[in-house]
Amino acid sequence: MASVVAGVGSFLPPRVVRNGDPPLSGLDTTEDWIRKRTGIERRRWVDPGTSTGDLAVEAGRAALRGAGDPVVDLVVLATTTPDHHSPGTAPWVAARLGLGTVPAFDISAACSGFTYGMAVGDAWIRSGSAECVLVLAAETLSTITDPSDRGTAVVFADGAGAVVLRGGEPGEPGAVQAVSLGSDGAQHDLAVVSAGGSRRPDPEGAAALADRCLRMRGPDMFAHAVRRMTEVSRLLLTRLEWPVDSVGAFIGHQANQRILDKVADLVGVPATSRFANIRDVGNTSSASIPLVMHDLVEAGTVPCGARTLLTAFGGGAVWGAIGLTWPDLKPAS
């Protein structure tokens with residue numbers, strides 16, 4: 001038994017924020033600086049009243065439609081920005097999608113959330129506990145970002161992606177071949193929201209804005225992301241006995257274009273096999289990889305069965321990689 005990608009979907013909020021638009025235009029920076037340092041030219045932010053769950057519902061609906069609206073046995077939602085501290089967002093999303101009383105839960109693995117969610121879905125299917133799993137990754141990072149902080153405001157964005165996994169054969173297009181995950185809690189403060197959790201409750205919202213919003217140690221994050229994404233990618237390729245030049249599609253977490261380029265260079269991925277959309281959507285954390293996957297399905301860019309490497313690193317610190325063959329999916333249009 002193997003888990004096979006049977007559908008992919010995505011959703012982006014309609015509001016487009018370019019590098020020269022408010023509030024970014026008020027920062028001590030320029031459009032050109034942002035583009036050169038991050039690779040980002042524009043990103044999507046939600047309007048007030050739109051939640052992470054709202055985005056997840058739309059992405060999930062698209063993925064289920066692409067998979068032929070199967071009966072779902074499990075819903076997993078990766079997010080750093082749930083609708084509430086409690087309850088989880090996944091059960092509400094499942095209800096809105098009309099999936100009944102299936103088990104549904106959130107996982108928090110920062111920017112590596114999608115790889116962790118895929119690992120969960122893959123394990124449930126391989127164990128025989130589920131025949132079909134909806135893996136969602138959705139974020140509204142603009143809601144926890146300080147618009148005056150140049151280190152985060154220009155980077156983070158909102159969006160959602162989804163993948164439907166079904167039981168199948170290892171030789172099928174879209175089959176997950178291997179998963180590798182890791183973490184290093186000693187680096188927990190690489191990217192953190194200091195106030196509001198049980199370690200530092202802030203019931204009256206009295207903490208300074210700097211402590212209530214996401215803060216990131218940018219240079220350290222860059223170094224750790226490059227190191228861990230390179231290591232886990234090489235590990236997975238070795239385990240699968242895939243020569244790096246046989247990889248037809250490499251999709252890294254869309255954190256920063258320079259990180260993506262550095263990792264791909266160190267791993268040795270050919271330039272023709274590297275795919276990204278960070279220029280147009282920014283860093284959407286856990287949602288970034290499925291957003292790229294959906295773009296590629298819609299464009300028909302990657303040939304069916306191509307060896308595909310997905311890798312991510314996020315605050316926590318957590319990282320992961322997935323090897324699969326490119327699914328046989330048709331554009332929704």
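1. Let's start with Asp184, which is partly exposed at 22% relative accessibility. Here, buried means under 20% relative accessible area, exposed means over 50%, and partly exposed lies in between (1.4 Å probe, protein chains only). Before going on, please note that this is a predicted model, in which local features need pLDDT of at least 70, side-chain atom pairs count only at pLDDT 80 or more, and totals for chains, interfaces and linings use all residues. Residues are numbered from 1 along each chain as its sequence is written, and side-chain values use heavy atoms, with hydrogens and water left out.

2. What does Asp184 pair with? Its salt-bridge partner is Arg228, and the closest N and O atoms are 3.9 Å apart. A salt bridge is a side-chain nitrogen of Lys or Arg within 4 Å of a carboxyl oxygen of Asp or Glu. This pair links distant parts of the chain, 44 residues apart: Arg228 sits in helix α7 (residues 218–240), and Asp184 in the loop between β8 (176–183) and β9 (191–192). Helices (H or I, at least four residues) and strands (E, at least two) are DSSP runs, numbered from the N terminus. Arg228 counts as buried, at 14% relative accessibility.

3. Now look at Arg215, which forms a salt bridge with Asp146, the closest N and O atoms being 2.6 Å apart. Arg215 is partly exposed, with a relative accessible area of 23%, whereas Asp146 is buried at 5% relative accessibility.

4. Another pair to find is Arg274 with Asp265, a salt bridge whose closest N and O atoms are 2.7 Å apart. Arg274 is partly exposed at 26%, and Asp265 is partly exposed at 48%.

5. Salt bridges can also join up: Glu41, Arg42, Arg279 and Asp280 are linked in a network of them. Across the whole structure, the search finds 19 salt bridges.

6. How many disulfides are there? The search of the whole structure finds zero; a disulfide is a pair of cysteine sulfur atoms within 2.5 Å. Cys213 is in no disulfide, and the nearest cysteine sulfur, that of Cys111, is 16 Å away. Cys213 is buried, at 6% relative accessibility.

7. Cys304 is partly exposed, at 44% relative accessibility.
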